[in-house]
Amino acid sequence: MFTLETDKSLSKIEFYESLNLQLTGLLMDEEDLICNLSQFAAFLMQSLEEINWAGVYFARGEELVLGPYVGKVACTRIPFGRGVCGTAASTQTVQRIEDVNAFAGHIACDSASESEIVIPILVADKLIGVLDIDSPIKGRFDADDQAGIEALLSSLIQATRFDWRL
Ligand code: SME
């Protein structure tokens, strides 16, 4: 049985290192894409404070399609170049947005969201989709959060087979 343990005395960098060890353990015996992405979304929601949405969108042609997530219902399709997620997909760069209300074209799925980080998911240089995490707090994600979340995403990618078919 997996139980999440976090020590409040840890620095942010140590906190993410500890999370990464727990994530590696969580995914150790499983490589299915949908299964691991579902676990990953739930893991982020239960281990990161002050977030209200975590999950992925898959790249399908020139748009993103909603994948496994935890949070309120969300828009299902986002064209490349639209919103924070579409910008991350079209530019293949991390979008760390301190105030989503100041981001032209931000798509408000949950009106509680105030800040957001979107990280492209690249496997063998191919864009598979994006990881999206929203927070009800402005400026929730700093550079250490970005580095920590990128490291978690790398562990997820390493643990997972990306040749999933129905
Ligand atoms: N806010 C995102 C849309 C996805 S939801 O936050 C889940 C955006 O602007 O792309």
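How many nonpolar, polar and charged residues are in the lining of the second largest pocket? By class, that lining has 8 nonpolar, no polar and 4 charged residues. This is a predicted model: local features need pLDDT of at least 70, side-chain atom pairs count only at pLDDT 80 or more, and totals for chains, interfaces and linings use all residues. Residues are numbered from 1 along each chain as its sequence is written, and side-chain values use heavy atoms, with hydrogens and water left out.

**Second largest pocket**

- The second largest pocket has a volume of about 250 Å³.
- A pocket here is an open set of points on a 1 Å grid over the protein atoms alone, with protein on both sides within 12 Å along at least five of seven lines.
- A volume is the space filled by probe spheres set on the points.
- Lining residues have an atom within 4 Å of a point. Among them for this pocket are Leu33, Phe58, Arg60, Ile128, Phe162 and Trp164.
- Strands E1 and E6 each supply at least two residues of this lining.
- Ala, Val, Leu, Ile, Met, Phe, Trp, Tyr, Cys and Pro count as nonpolar; Asp, Glu, Lys and Arg count as charged; the others, Gly among them, count as polar.

**Largest cavity**

- A search of the whole structure finds 1 cavity of 30 Å³ or more. A cavity is a set of grid points where a 1.4 Å probe fits but cannot get out.
- The largest cavity has a volume of about 110 Å³.
- Its lining has 14 residues, and Cys85, Ile107, Cys109, Glu116 and Asp132 lie nearest the centre.
- Strand E1 (53–60), helix H3 (83–91) and strand E6 (126–135) are the elements that give two or more residues to this lining.
- H3 gives the most, with 3 residues.
- By class, the lining of the largest cavity has 9 nonpolar, 2 polar and 3 charged residues.
- Helices (H or I, at least four residues) and strands (E, at least two) are DSSP runs, numbered from the N terminus.

**Strand E6 and its partners**

- Of the 10 residues of E6, 9 are buried, so E6 is largely enclosed by the rest of the structure. Buried means under 20% relative accessible area, with a 1.4 Å probe and protein chains only.
- E1 and E6 run antiparallel, joined by 6 bridges. Two strands pair if DSSP finds at least two bridges between them.
- E5 (residues 115–123) pairs with E6 in the antiparallel sense over 9 bridges.
- Val130 in E6 stands opposite Tyr57 and opposite Pro120.
- E5 and E6 form a hairpin with 2 residues between them. Ala124 in the turn has a positive phi of about 50°.

Technical notes. Buried means under 20% relative accessible area, exposed over 50%, partly exposed in between (1.4 Å probe, protein chains only).
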